[in-house]
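Hi,

Here is the structure I said I would pass on. Have a look at it first, and then read my notes below.

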Amino acid sequence: MSDFPQLPAGFRFGTSTAAYQIEGAATEGGRGPSIWDTFAAQEGRILDGSSGEVACDHYHRFEEDVALMKRLGTKDYRLSLSWSRIQPTGRGPANEEGLAFYDRLIDTLVENGIAPMVTLYHWDLPQALEDDGGWLNRETVDCFAAYAAIVAERFADRVAHWIPINEPNVASFLGYAVGTHAPGRTLLFDSLWVSHHMLLGHGRAIIELRRHGATSVGCANNHAPVWPASDDDADVGASKLFDALWNGMFLEPMLLGRYPADLMPLLDGLPETGDMATIRQPLDFYGVNYYNPMKVAAAAEDAEMPFVFRDVLGYPITDRGWPVVPDALREWLIMFRARYRAALPPIVITESGAAYNVEPDESGVVDDQLRIDYLDAHIRAVATAIERGVDVRGYFCWSLMDNFEWAEGLTQRYGLVHVDFETLVRTPKKSFEWYSSVIAAQQPVESA
């Protein structure tokens, strides 16, 4: 009996990254500025004042990074494309230098037996589109569909799986509702226009991807169990409203072609005729990004928003301060299947991981046992959900390597590989070797 978590035959173990968080080369190869370049340049926006200008310099070091993936033994890698590297202003003809970079990266992955899972949009909107209203402007949906057509025509012959938009809830709420992410707007409930346009972009992009030969298309939605802070009716009501906003607002349109009934008073005038049918495109897999549950209480009557967040106590926390609750992932997956059954395609955990900021010791060893414990517990939670009848096909660890962690800058380390942000030297951590052993343990052993 192996000491490693055991998953069904064919289960896929991968790693995930995002373009702005690792590529660097922000002004090279014809790349135009994105909202994250602009946001990071504003004083006080990023915790340590850093940016993705260099990040991990993956643009120049991708061959080294693919070699690390091969050493890891993974057969799957989730990456994102930089829209402004391919279309510097988000419109018009493609930038050949940008396409050529992704040609080289995708070819190198395929040559090494690694299947690319490509995300079209991981939050880095071309700044020129934001100048025209960004995702508040419905024309951005048309631009996104045209971008999807460009990349699908170029790469669909080699890309195994596609995801249009990563975490539209995080992108719309943190970017446009409360302003802690780019572009830094504080529109509160008016940000629901952004959410709707991102969902519409998801649907339009799928249509273009399939038109140009994509055979496996899914999503990557951030989901979190939402727990009421108490049994008080006000707290329960606030938690239900937030659950509808964070979870239901995105999964119900994708799976059922409708918005949650509890949100309809907030969505008056949003969907145009045909929008919901466009959003509800058939999915080959449903991607779940999971990190932790959230606890919600009712806010004071004069508060701008009707809910407030409370700490989830009684559990270990990561160096990011997030609670470690693997059972919540198991419970959420089981609930998800029970609630949506026939509408639910196979599930893939498209992100899951934790920040532990361990540095190399005097021998160069990065002993991140807490990350091993986190991954082991969450993979076992997935295995238990599968035993209970949930069809989960893969688990993608966030992240392959330490990177620029958005508003937290370079202060939070999620990687299986340590990156020295001064020298850019990569050092596989103990969690890298552990994950490699997990992957190897799942491979069928050929008889002599």
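Helix H9 (residues 192-211) lies across strands E3 and E4, and runs at about 150° to E4. Keep in mind that this is a predicted model.

The sheet that E3 and E4 belong to is open, has eight strands and pairs in parallel, in the order E4-E3-E2-E1-E11-E10-E7-E5. E4 (161-165) and E5 (221-222) are at the edges with a single partner strand each, so one side of each has no neighbour in the sheet. Further in, E2 (residues 76-80) and E3 (residues 115-121) pair in the parallel sense over five bridges. If you want a spot to start from, the bridge partner of Asp-76 in E3 is Ala-115.

Next, the nonpolar packing. The largest nonpolar core has 137 residues, and Trp-135 and Trp-162 touch the most other members. Helix H10 (residues 233-256) gives this core its largest share, ten residues. Another core, of six residues, lies apart from it, with Ala-220, Phe-285, Val-348 and Phe-396 among them. What does Trp-162 contact, leaving aside its neighbours within four places in sequence? The list includes Val-118, Leu-120, Phe-155, Leu-209, Val-217 and Phe-285.

There is also a helix pair to look at. H3 (residues 58-72) packs on H14 (residues 430-442) at an angle of about 55°, and their axes are 9 Å apart. The two are therefore oblique to each other. H3 brings Leu-68, Arg-71 and Leu-72 to the contact, while H14 brings Phe-432, Glu-433, Tyr-435, Ser-436 and Ile-439. By class, that makes five nonpolar, one polar and two charged residues.

- The peptide bond from Ala-182 to Pro-183 is cis, with omega near 10°; Pro-183 sits in the loop between H8 (168-177) and H9.
- Trp-398 and Ser-399 are joined by a cis peptide bond too, with omega about 15°. Ser-399 is in the loop between E11 (392-398) and E12 (417-419).
- Ala-25 is not a glycine, yet has a positive phi of about 45°. Its place is in the loop between H1 (19-22) and H2 (35-40), and at 5% relative accessibility Ala-25 counts as buried.
- Arg-341 also has a positive phi, near 20°, in a residue other than glycine. Look for Arg-341 in the loop between H12 (326-340) and E10 (347-352).

Cheers

How values were computed
Residues numbered from 1 in each chain as written. Predicted model: local features only at pLDDT ≥ 70, side-chain atom pairs only at ≥ 80, totals over all residues. Heavy atoms only, no water. Axes fitted to C-alpha atoms, helices over the stretch in contact; angles between N-to-C directions. Helix = DSSP H or I, 4+ residues; strand = E, 2+ residues; numbered from the N terminus. Parallel < 35°, antiparallel > 145°, perpendicular 65-115°, else oblique. Contact = heavy atoms within 4.5 Å. Nonpolar A, V, L, I, M, F, W, Y, C, P; charged D, E, K, R; others polar. Pairing = 2+ DSSP bridges. Core = buried A, V, L, I, M, F, W, Y, C linked by side-chain atoms within 4.5 Å. Buried < 20%, exposed > 50% of the residue type's maximum accessible area, 1.4 Å probe, protein only.
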